[in-house]
Amino acid sequence: MTNHTMVTEFTLLGIPETEGLENVLLFLFSTLYACALLGNLLLLTAVISSPQLHTPMYFFLGNLSIFDMGFCSTTAPKMLSYLSGQGGGISFQGCVVQHFFYHCLGCTECFLYTVMAYDRFVAICFPLRYTIIMNHRVCCVLATGTWMSGCVHATILTCLTFQLPYCGPSNVGYYFCDMPAVLPLACEDHSLAQRVGFTNVGLLSLICFFLILVSYTRIGISISKIRSTEGRQRAFSTCSAHLTAIICAYGPVIVIYLQPNPSPLLGAVIQILNNLVTPTINPLIYSLRNKDVKAALRHVFLKRSLSLESK
């Protein structure tokens, strides 16, 4: 056995091919990050504070808001720190934690969108039995299952990645500790871990996407059987927001992990779309055309303004 000095700290080199754009990117990404946190916090507040929104659909939407705040927070703070000139150093343990939570929340996203598609399927195809099928216990089991599945998935990928020895170099050619960027730094052959990890992520995304496609195919068939135009529009409007969110979320995942040799810049742009842009626009997607959410937010602001006036 040859003695090696094990890596105790990695250096994140940042977004590829963006030298000289640090100040512009810092302003852009800090704005997106702040909007993502604020928008999802407002949406979560509306869901919690309004009794009218205590339904299965909004229960899962509240979970999505928690996920979005956590997901963008796994990568954005370190990226903003690097762009502000504070350096890209991250400890080995910090890299492990960042990798775990990124994949935990990414997997949870896949399962949560699948569960939300099933919720819409039951609501439209079995409207009279909706409250019976999607009762409180079932919703809690489904939500808990999504988070636990994300933890199991992330544990597998993190163990595959960091059970290998890392003895240098320590420069990660990316803006966060993702599996494709960290594995090439291992001192031993990482081809098996890479194949297993990519297969795991790719199959998981495709299976969830297939289940969502099946749900919306059944939903489309049910909507086509509705005779009134108003009824069809009302049924479609309840699904349009979810469909838009799915397209924004699944597109980047499939593109980045199913390409054999993706461009570093393209991969970074796609993952930033997934990490920052999607959590930012999700609250807009689910609230702009939703009268119940807008009414709940107005009630929250009115109640807050009255409490401030009384003081």
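Visitor: At roughly what angle do the axes of helix H1 and helix H2 cross?

Guide: This is a predicted model, in which local features need pLDDT of at least 70, side-chain atom pairs count only at pLDDT 80 or more, and totals for chains, interfaces and linings use all residues. Residues are numbered from 1 along each chain as its sequence is written, and side-chain values use heavy atoms, with hydrogens and water left out. H1 spans residues 22–49 and H2 residues 56–83 (helices are DSSP runs of H or I with at least four residues, strands runs of E with at least two, numbered from the N terminus). Their axes (lines fitted to C-alpha atoms, for helices over the stretch in contact, with angles from 0 to 180 degrees between N-to-C directions) come within 9 Å and cross at roughly 160°.

Visitor: Are H1 and H2 roughly parallel or antiparallel to each other?

Guide: The axes of H1 and H2 cross at roughly 160°. Angles under 35 degrees count as roughly parallel, over 145 as roughly antiparallel, 65 to 115 as roughly perpendicular and the rest as oblique. H1 and H2 are therefore roughly antiparallel.

Visitor: Which strands stand at the edges of the open sheet?

Guide: The sheet has 3 strands in the order E2-E1-E3, with mixed pairing (two strands pair if DSSP finds at least two bridges between them). Each edge strand has a single partner, so one side of each is left without a neighbour in the sheet. The edge strands are E2 (89–91) and E3 (171–172).

Visitor: Which residue of E3 is the bridge partner of Leu12?

Guide: Strand E1, residues 9–12, pairs with E3 in the parallel sense over 2 bridges. The partner of Leu12 in E3 is Val172.

Visitor: At about what angle does helix H3 run to E2?

Guide: H3 is formed by residues 92–125. This helix lies across E1 and E2, and its angle to E2 is about 85°.

Visitor: Are H3 and H7 roughly parallel or antiparallel to each other?

Guide: The axis of H3 comes within 9 Å of that of H7 (residues 191–224), and the two cross at roughly 15°. H3 and H7 are therefore roughly parallel.

Visitor: How many nonpolar residues does the contact of H3 with H7 have?

Guide: On H3, the residues that meet H7 include Phe111, Tyr113 and Arg120, and those on H7 include Leu211 and Arg218 (contact means heavy atoms within 4.5 Å). Among these residues, 4 are polar, 2 are charged and the nonpolar ones number 16.

Visitor: How far apart are the end C-alpha atoms of residues 58–80?

Guide: Residues 58–80 are among the spans that UniProt, in an unreviewed entry, lists as "transmembrane region". The span is 100% helix and 0% strand, and its end C-alpha atoms are separated by 32 Å.

How values were computed. UniProt positions are given in the numbering used here, feature names are shortened, and annotations may be inferred rather than shown by experiment. Ala, Val, Leu, Ile, Met, Phe, Trp, Tyr, Cys and Pro count as nonpolar, Asp, Glu, Lys and Arg as charged, and the others, Gly among them, as polar.
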